[in-house]
Amino acid sequence: MGTNAGLKNVHGKSLPEADAPALELASVSYAYGRRQALNDISFSIAPGRFAVLLGLNGAGKTTLFSLISHLFATRDGHIHVFGHDINRKPGDALRRLGIVFQARTLDLDLSVHQNLSYHASLHGIGSRAANQRIHELLESIDMSDRLHEKARSLSGGQIRRVEIVRALLHQPSLLLLDEATVGLDIKSRATILADIRKLVHDEGISVLWATHLIDEVSHADQIIVLDRGKLVANGAVNEVVKDAGAKSINEAFSRLTGIVTLTRGGTGHD
Ligand code: ATP
């Protein structure tokens, strides 16, 4: 895994990935009919970085994920994944992306192994390589003993962790997670967050972690704050706090979004 920085082709010309950000958005806007969901969003994430996309319900996080993952076509602005334009080279861009959507997406009537191997074959991974990768990843999250159980028998936190394993099967360099801990208890949330942070540390992958929970932010993260479709802050936590004239990230988020509800259960401006 890794970032492939400095790659050259046979003629010595730089490949798109060389020194490219893991993710780069330039002037991205999106509207559902007349409702403007995203307005002129630009930011980038460096390889190997853990970035938190912070915003209340309705801020535009899921819409942004739908554009980055090419579920929606980007009509205004540009999105590049490791230098590959998601509209012009979707295959190259999507190969580098792993995605965990907000909604649960495992087939509950299939076993953990069936869910994972089906997904691996969609990525063209042969069964021997797939089984090895499935085994390694499940082992790393202490779930290899659940391999042949139906997904239905897993807890919410375990289902989420299997979905994360599934997103990692093809060894992506950028992992997107949309509200990955929603509906989980404190222990499961902490476990999932710690697993993902370990991955960033051990394997150098980049992560975009969307949440409305400020307590999921750590001081070393990049934070990107969305408010009602607009980017209102982007940078290291200490810079964002300073620029907002605040004393803490809680206070900064409150100032930037004009709300008081900041922790678990926060639902938005309404
Ligand atoms: P949540 O955490 O609640 O999912 P979010 O930050 O992911 O919120 P989005 O779901 O991207 O926000 O929504 C952004 C805006 O776009 C909201 O005003 C929402 O009502 C609107 N929106 C989202 N999906 C649609 C849709 N299919 N049709 C019309 N409007 C939509």
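A polar contact is a pair of N or O atoms within 3.5 Å; within protein, one must be able to donate a hydrogen and the other to accept it, and residues adjacent in sequence count only if both atoms are side-chain atoms.

The model is predicted: local features need pLDDT of at least 70, side-chain atom pairs count only at pLDDT 80 or more, and totals for chains, interfaces and linings use all residues. Residues are numbered from 1 along each chain as its sequence is written, and side-chain values use heavy atoms, with hydrogens and water left out.

**Exercise 1. The ligand**

Task: Describe the shell around the ligand by residue, class and element.

Solution. 

Step 1. Start with the residues. The ligand has 13 residues around it, and those that come nearest are Gly58, Gly60, Lys61, Thr62 and Thr63. A residue is near a molecule or strand if one of its heavy atoms lies within 4 Å of it.

Step 2. An N or O atom in the side chain of threonine 62 is 2.7 Å from an oxygen atom of the ligand. Alanine 59 places a backbone N or O atom 3.1 Å from a ligand oxygen atom. A nitrogen atom of the ligand lies 3.2 Å from a polar side-chain atom of arginine 35.

Step 3. Consider the cover. The ligand taken alone exposes 630 Å², and the protein buries 64% of that. Accessible areas come from the Shrake-Rupley method with a 1.4 Å probe; for residues, only the protein chains shown count as cover.

Step 4. Sort by class. The shell holds six polar, four nonpolar and three charged residues. Ala, Val, Leu, Ile, Met, Phe, Trp, Tyr, Cys and Pro count as nonpolar, Asp, Glu, Lys and Arg as charged, and the others, Gly among them, as polar.

Step 5. Assign elements. Helices (H or I, at least four residues) and strands (E, at least two) are DSSP runs, numbered from the N terminus. At least two shell residues come from each of β2 (35-45) and α1 (61-68). With three residues, α1 gives the most to the shell.

**Exercise 2. Strand β9**

Task: Why is β9 called largely enclosed, and which strands join it by bridges?

Solution. 

Step 1. Strand β9 (residues 222-227) is largely enclosed by the rest of the structure because six of its six residues are buried. Gln222, Ile224 and Leu226 point one way, while Ile223, Val225 and Asp227 point the other.

Step 2. Strand β3 (residues 50-54) runs parallel to β9, joined by four bridges. Valine 52 is opposite isoleucine 223.

Step 3. Strand β10 (residues 230-236) runs antiparallel to β9, joined by six bridges. Alanine 233 in β10 is the bridge partner of valine 225. These two strands, β9 and β10, form a hairpin with two residues between them, and arginine 228 in the turn has a positive phi of about 45°.

**Exercise 3. Alanine 210**

Task: Where is alanine 210, and which residues does it touch?

Solution. 

Step 1. Alanine 210 belongs to strand β8 (residues 206-211). Its relative accessibility is 0%, so alanine 210 counts as buried.

Step 2. Not counting residues up to four places away in sequence, alanine 210 touches Leu53, Lys61, Phe65, Leu177, Asp178, Glu179 and Ala180.

Conventions
Buried means under 20% relative accessible area, exposed over 50%, partly exposed in between (1.4 Å probe, protein chains only). Two strands pair if DSSP finds at least two bridges between them. Contact means heavy atoms within 4.5 Å.
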